[in-house]
Amino acid sequence: MLDTSQGSDRLPLAPGVGYKSQHFNDVMEDPGPVAWLEIHAENYMGDGGRPHAQLRALRERFALSVHGVGLSIGGADPLDKAHLTRLKDLVAWTKPASFSEHLAWSTHGAEFLNDLLPLPYTNATLDRVADHIDEVQETLGCQMLLENPSSYLAFAESTWSETDFLAKLVRRTGCGLLLDVNNVFISATNLGYSPQGYIDAYPLAAVGEIHVGGHDEDTDDHGAPLLIDSHSKPVVDPVWGLLAYALAKTGPRPVLVEWDTDVPDWSTLRAEANRAARALIPAS
Amino acid sequence: MTVTQSGFRNALIDADLAVPEGLKDGRGAPAGARFAVYRNNVVLSLTEALSTGFPLVHKLLGSQTFDRLAGVFVRAHPPRSPLMMHYGAALPDFLDSFEPLAHIGYLSDCARLDLAIRRSYHAGDAEPLDPLRLQQDPRAVMALQISPSPATQVLCSNWPLFDIWRFNMIPDAPKPEAVPQDVMVTRADFDPQPHLLPSGAALWLDALTAGHSLGAASEKAAATHPTFDLASTLTLALSTAALTENTTKEIQ
């Protein structure tokens with residue numbers, strides 16, 4: 001039923017992986033269960049060369065998710081118009097099945113800090129983020145998915161829970177959500193709440209995509225566990241468990257395996273995608 | 001209690017500043033070292049981007065010295081754009097006035113070469129000049145309007161820049177000789193390659209970029225560089241896909 005070729009307007013209800021250029025030949029020859037690929041938008045904003053050539057070939061064969069990491073949707077400043085235009089151009093020629101970005105900020109003034117920085121959940125933040133999402137959706141002419149962050153700390157000034165904050169954004173802007181269950185596990189561990197409880201409270205009807213990924217383990221000043229969102233390792237069993245927990249509630253969703261640092265060979269990443277494929281079976 | 005993004009940013013960049021008040025752990029205690037996760041992410045991710053983007057400088061300095069240089073540079077020159085492919089454009093000039101490494105005089109030109117290779121990698125695609133276009137009436141050939149492809153980058157160095165690159169990046173390459181060298185970076189397919197330019201070729205390429213015809217550019221090069229040899233320069237340029245005809249449309 002689902003059209004996974006270019007121009008499809010939905011991601012397949014199947015595993016995808018975060019695309020890495022070193023996997024190009026492998027993913028074209030032996031994708032295994034991988035039916036779609038997620039690309040980081042900013043890596044394809046040069047003028048040509050190998051990144052564009054690979055993307056032209058990949059989009060003939062796979063559904064694409066364009067995942068922005070530089071829009072700074074939670075930034076106190078107005079959105080970067082030049083960057084929005086670049087995103088619009090990229091979306092226009094790659095025709096992705098999905099565009100997503102993060103509930104975070106990364107730009108301050110003219111500086112780009114190259115990290116997804118946290119936001120207080122206040123009415124002021126809500127107004128600003130909602131306006132920015134409206135602007136993105138109007139510019140791109142499509143719905144966007146907003147991803148829940150991984151948190152290492154909280155803001156005393158927050159007056160909303162993260163799940164209520166996301167639900168309100170969905171109602172106000174019509175955006176969808178990208179549920180990252182690795183981020184849920186990290187934030188719940190770091191801030192001391194139940195990850196299942198978080199998913200129970202999450203506006204699951206709006207979820208258009210689920211992420212799993214690996215993280216590092218550390219401790220804070222008091223010896224409490226502090227998980228770091230590194231995308232540098234295999235997905236741990238408790239995160240696979242959370243994926244199953246979420247899928248049991250949402251039904252099948254596109255599931256993406258993220259591995260961005262210390263990227264393994266294709267067979268290792270494909271094995272993770274196989275595990276995601278198995279997780280999708282009981283939910284079907 | 002409100003934590004502004006300015007306050008958050010300042011404490012990220014300057015580790016001597018206190019963690020902003022109003023940040024807490026899950027039990028309501030001050031966030032303390034948890035803030036360091038963001039500090040580390042910012043500095044380490046930018047250092048990693050520089051290390052990937054400046055492989056020759058990294059090779060020359062070694063990881064330890066490179067990381068210390070990067071630690072100073074990323075605080076003085078954070079990215080000005082979310083396009084990390086462009087990050088580090090300020091590094092060569094920064095190195096020119098960075099006293100701790102001033103004894104490595106050629107380091108900034110090596111950074112310029114690393115940048116040129118990265119720019120070539122991401123440059124727009126262009127149809128290479130067809131060598132058959134040069135096999136016509138000589139007057140027509142000299143009137144051709146050709147220019148370096150977008151992926152062609154030219155560097156004029158007071159150092160043996162090509163030799164330094166080759167000695168450090170190619171196994172068993174000969175040691176550099178103490179001569180100034182001009183270097184051209186081109187991309188025949190997708191992987192940029194540095195090439196040593198013969199005398200006058202850099203000026204010739206500049207003249208083509210400025211819009212001079214093949215004949216006019218060659219006259220300019222020969223006027224300043226008596227040993228300029230059009231035949232060998234053209235052979236190099238054609239074999240490395242360095243040129244494109246100005247009427248050719250860019251692909252994509």
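Between chain B and chain A of this predicted model, the count of salt bridges is three. In one of these, the side chain of B:R34 meets that of A:D220, with an N to O distance of 3.1 Å.

On the side of chain B that touches chain A, the elements giving two or more residues are α1, β1, α2 and α5 of chain B, and the largest share, eight residues, comes from α2(B). By class, this side of chain B has 22 nonpolar, 12 polar and nine charged residues.

| Element of chain B | Residues |
|---|---|
| α1 | 5–13 |
| β1 | 23–24 |
| α2 | 34–53 |
| α5 | 107–122 |

The contact as a whole takes 51 residues from chain A and 43 residues from chain B, and the two chains bury about 4,100 Å² between them, with 57% of that area on carbon and sulfur atoms. Of the area that chain B buries against chain A, 19% is supplied by B:Q5, B:R34 and B:Y38, which is more than any other three residues supply; B:R34 is also the residue whose side chain forms the salt bridge with A:D220.

Strand pairing also links the chains: β1(B) and strand β8 of chain A, which covers residues 154–155, run antiparallel and are joined by two bridges. Within β1(B), B:K24 is the bridge partner of A:A154.

Methods
Residues numbered from 1 in each chain as written. Chains lettered and ligands numbered in written order. Predicted model: local features only at pLDDT ≥ 70, side-chain atom pairs only at ≥ 80, totals over all residues. Heavy atoms only, no water. Contact = heavy atoms within 4.5 Å. Buried area = accessible area lost by both parts, 1.4 Å probe. Salt bridge = Lys/Arg side-chain N within 4 Å of Asp/Glu carboxyl O. Helix = DSSP H or I, 4+ residues; strand = E, 2+ residues; numbered from the N terminus. Nonpolar A, V, L, I, M, F, W, Y, C, P; charged D, E, K, R; others polar. Pairing = 2+ DSSP bridges.
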